[in-house]
Amino acid sequence: MATIPPGTPAGPGQQGAHHGAHPHPAPRHPRLDPLADRYAARTHGMKSSEIRALFSVVSRPEVVSLAGGMPAVTALPLDAVGSMIGDLVSGMGAQTLQYGSGQGDPRLRERICDVMALEGITDASPSEVVVTVGSQQGLDLVTRVFCDPDDVILAEGPSYVGALGVFQAAQARVRHVAMDDDGLIPEALEEALVACRAAGDRVKFLYTVPNFHNPAGVTLSEPRREAIMAIAERWDLLIIEDNPYGLLGFEQEPMRALRARDAHRVIYLGSFSKTFSPGLRVGWVLAPLAVREKLVLATEAQVLCPPSLTQYAVARYLDTQPWREQIKLFTELYRERRDACLESLEAMMPAGTTWTHPHGGFYVWLKLPAGLDAKLMQPRAVGSLVAYVPGIGFYADGSGQEYMRLSYCYPEPDQIREGVRRLARVIEAELDLHSTFDKVDTGTFRAVRAGSGQDAESMVGPANSDRYEDGRA
């Protein structure tokens, strides 16, 4: 099983490393961007995520994409859903096509409480729920409400790439906390809190994906849930529980949410993207009433209100469709694809490759053999018509070069097997290159001279090697 190492807090020169005032980014050449010197400091370092950058590649039909975490929406009863939405517009068009409340539709908020009850959250009130444009907006709103520039956010290492983008935009600093196959390590969390206190850092919250983690695929064990809640109590630590995959377990009933254990110390983020449709962009935040008020104000400043049509569509789906049975159908489909992925990895991957064994969700976290770099290897993989997400996108400090995320949720099982076969061949070819060039960085070469003096022979060799197979230095 792969072990996920700790990251380190951002240091000088790293993302989010500024303390105190944030210098304004240096302007670009005016002919390239005449508005460059007017941008806010928070735009410095903005870049496309490792996942979004792959979209143009993975859309090619000949490429097997093990990259994006796209749900299998074709497993939905699309005719029934289409008729439902058509009837909704024809019968309630004056409501569904109009502005709505900044907090969200009351009926949908009631049904959201029913959904959360499946994970042990039985004390939630619709008045504590804020409907959002996906849980991504919920995370952005929570971060806006709580974080000032230079605040510290504790997050698992690795962590969800979309969360890291939100934290960077808020000019917060991320300190990663180590994980292993049982999820976040409580002792590492307490060590991080001690180190932050010693450094005078303001820790605003712990961000965690406890169930079928994105990208690591692991799940926080029950004993560790209790230990982490005890640490939060001792340290007066706020927890942001991001839980889009919690109902998609393969071997057991949904685990009891962290929010079910403490209604005041945990803010819960949920989404219908994985259990219904990502295209509708409907999520929610469950927060104490005082926090809810600020979230609603932030929503109104940002988008006025979440879209009415999609809210009514989700509420009608929950009212009229067998959504619990649909979730079971999804889990059976994803379990079959998970099995195809794990069986193929076991049969085809070269020695030295390890990976996690998820019990739900969408992802496998793979560690390459020593010396290989997933980012450097990526162009060769795309050339071999297979795509993955390099691990560096999931760390705020730029680590994770030896890791990659594989997603099994979208391709059919036969496609998954073929994708793993192609990936295994790419890894084997990389190992051969490294064996040939004495474990060099195969992406960088430099000119060196064999012999000495003015007539020395110029040769091109590996950047970090001064010797060749024939023994010449």
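Pro 215 lies in the loop between strand 6 and helix 7, and the peptide bond that joins Asn 214 to Pro 215 is cis, with omega about 15°. Helices (H or I, at least four residues) and strands (E, at least two) are DSSP runs numbered from the N terminus. This is a predicted model: local features need pLDDT of at least 70, side-chain atom pairs count only at pLDDT 80 or more, and totals for chains, interfaces and linings use all residues. Residues are numbered from 1 along each chain as its sequence is written, and side-chain values use heavy atoms, with hydrogens and water left out.

**Backbone in the loops**
- Most residues other than glycine have a negative phi, and most peptide bonds are trans.
- Phe 212 is found in the loop between strand 6 and helix 7 and has a positive phi near 50°.
- Phe 212 is buried (under 20% relative accessible area, where exposed is over 50% and partly exposed in between; 1.4 Å probe, protein chains only), at 8%.
- Asp 150, in the loop between helix 4 (134-146) and strand 3, has a positive phi near 80°.
- Asp 150 counts as buried at 15% relative accessibility.
- Gly 157 and Pro 158 are linked by a cis peptide bond with omega near 10°; Pro 158 is in the loop between strand 3 and helix 5 (161-169).

**Helix 6**
- The buried residues of helix 6 are Pro 186, Ala 188, Leu 189, Ala 192, Leu 193 and Cys 196.
- They cover an arc of only 160° around the axis, so they are on the same side of helix 6; the arc is that of the directions from the helix axis to the C-beta atoms.
- On the other side of helix 6, Glu 187, Glu 191 and Ala 198 are exposed.
- Just after helix 6, Gly 200 has a positive phi of about 75°.
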